[in-house]
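The tour below gives you one selection at a time.

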Amino acid sequence: MNETPDTGRAAAAGAGGEFTPQAAALLLEQATRQARRRFEPYPPVFSAFRAVIALAIYGTIWLSVRDQHPYRGPDVAVYLVVLALAAVNLGAAVTVARRATAGIRGRTRMRPAEVTTMAAVWIGVFVVMGALPAAGASRGVVYGLYPASAPLIVAGLAWAGIMAARANGPGTGAALAVAAVGALAAVAGPAGAWAVAGSGLCVVLMVTAAATARRHRARAIRP
């Protein structure tokens with residue numbers, strides 16, 4: 001069901017007893033594409049797209065709070081814009097992932113333990129956020145420092161552990177960079193945290209896109 005026409009012709013040639021150099025080249029090309037999709041399912045352009053979305057989300061929040069003295073937090077209208085942008089990002093991620101991993105099984109897809117780990121991480125982040133007001137935390141912490149920095153730190157470190165367990169060096173490095181951005185945001189003040197998080201995350205994703213594109217070009221010209 002998932003064979004391309006070229007792959008089908010190559011397989012047919014092999015089954016007919018005449019395995020030509022052309023058929024071998026087609027099979028090799030198909031195997032290379034599948035291997036690339038398995039280990040790097042998201043194309044560079046998607047990382048660049050996510051960089052723009054991240055900058056738009058954090059930038060929108062920062063623009064709404066940069067002049068607040070004392071700090072109150074984002075307005076309700078800002079949350080609606082952020083939710084809309086987040087929905088666009090999620091929809092694009094699901095679409096790209098489905099197309100990139102169609103017919104591919106193995107390490108591309110998250111394992112149950114990995115899904116459980118990341119779900120627990122995100123649930124924990126929001127549980128702590130909900131408990132901060134009762135603990136006497138200021139609005140600057142509850143609606144600024146914590147939401148701008150904690151998700152990046154905690155989720156970045158958790159994802160770095162998953163990528164390290166998969167022996168995925170580039171993925172581990174990118175996840176640690178995200179955690180580092182969160183750490184910088186944590187010391188930038190309630191309003192500045194949003195600017196640092198957005199610009200830092202944008203840079204990390206753009207660098208990731210460039211690195212992925214470079215690896216793709218290197219593989220394409222490799223004999």
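What follows is a list of stops, with what to select at each.

**Before you start**

This is a predicted model, in which local features need pLDDT of at least 70, side-chain atom pairs count only at pLDDT 80 or more, and totals for chains, interfaces and linings use all residues. Residues are numbered from 1 along each chain as its sequence is written, and side-chain values use heavy atoms, with hydrogens and water left out.

**Stop 1: the whole chain**

Colour by secondary structure. The protein has eight helices and zero strands. Helices here are DSSP runs of H or I with at least four residues, strands are E runs of at least two, and both are numbered from the N terminus. Buried residues make up 34% of the 223 residues. Buried means under 20% relative accessible area, exposed over 50%, and partly exposed in between, with a 1.4 Å probe and protein chains only. Now the contacts, meaning heavy atoms within 4.5 Å. Of those with a separation of 6 or more, 72% join residues 24 or more positions apart.

**Stop 2: helix α3**

Select residues 44-65, which are helix α3. Its 22 residues should span 32 Å at 1.5 Å a residue, and its end C-alpha atoms are 32 Å apart, which agrees. The expected span is 1.5 Å times one less than the number of residues. Buried residues in α3 include Pro 44, Ile 53, Ile 57, Ile 61 and Val 65.

**Stop 3: the aromatic pairs**

How many aromatic pairs does a search of the whole structure find? The search finds three. Phe 46 and Phe 49 form a stacked one, 6.2 Å centre to centre with 25 degrees between the planes. Rings of Phe, Tyr and Trp (its six-membered ring) pair if their centres lie within 6.5 Å; planes under 30 degrees apart count as stacked, over 60 as edge-to-face and the rest as tilted. Both residues lie in α3, three residues apart, about one turn of the helix. Phe 46 counts as buried because its relative accessibility is 5%. Phe 49 is partly exposed, at 30%.

Next, select Tyr 58 and Trp 194. They form a tilted pair, 5.9 Å centre to centre with 40 degrees between the planes. This pair links distant parts of the chain: Tyr 58 is in α3, Trp 194 is in α8 (residues 192-221), and they are 136 residues apart. Both are buried.

**Stop 4: the core**

Stay on Tyr 58. Leaving aside neighbours within four places in sequence, its contacts include Ala 148, Leu 152, Trp 194 and Leu 201. The largest nonpolar core has 25 residues, and Ile 57, Tyr 58, Leu 152, Trp 194 and Leu 201 touch the most other members. Such a core is a set of buried Ala, Val, Leu, Ile, Met, Phe, Trp, Tyr and Cys residues joined through side-chain atoms within 4.5 Å.

**Stop 5: Ser 149**

Move to helix α6 (residues 139-165), where Ser 149 is found. Is Ser 149 buried or exposed? Ser 149 is buried, with a relative accessible area of 5%. A polar atom of its side chain lies 2.5 Å from the backbone oxygen of Leu 145. Ser 149 also touches Gly 182, Ala 185 and Ala 186, not counting residues up to four places away in sequence.

**Stop 6: Pro 74**

Finish in the loop between α3 and α4, where Pro 74 is found. Pro 74 counts as buried, at 12% relative accessibility.

Technical notes
A polar contact is a pair of N or O atoms within 3.5 Å; within protein, one must be able to donate a hydrogen and the other to accept it, and residues adjacent in sequence count only if both atoms are side-chain atoms.
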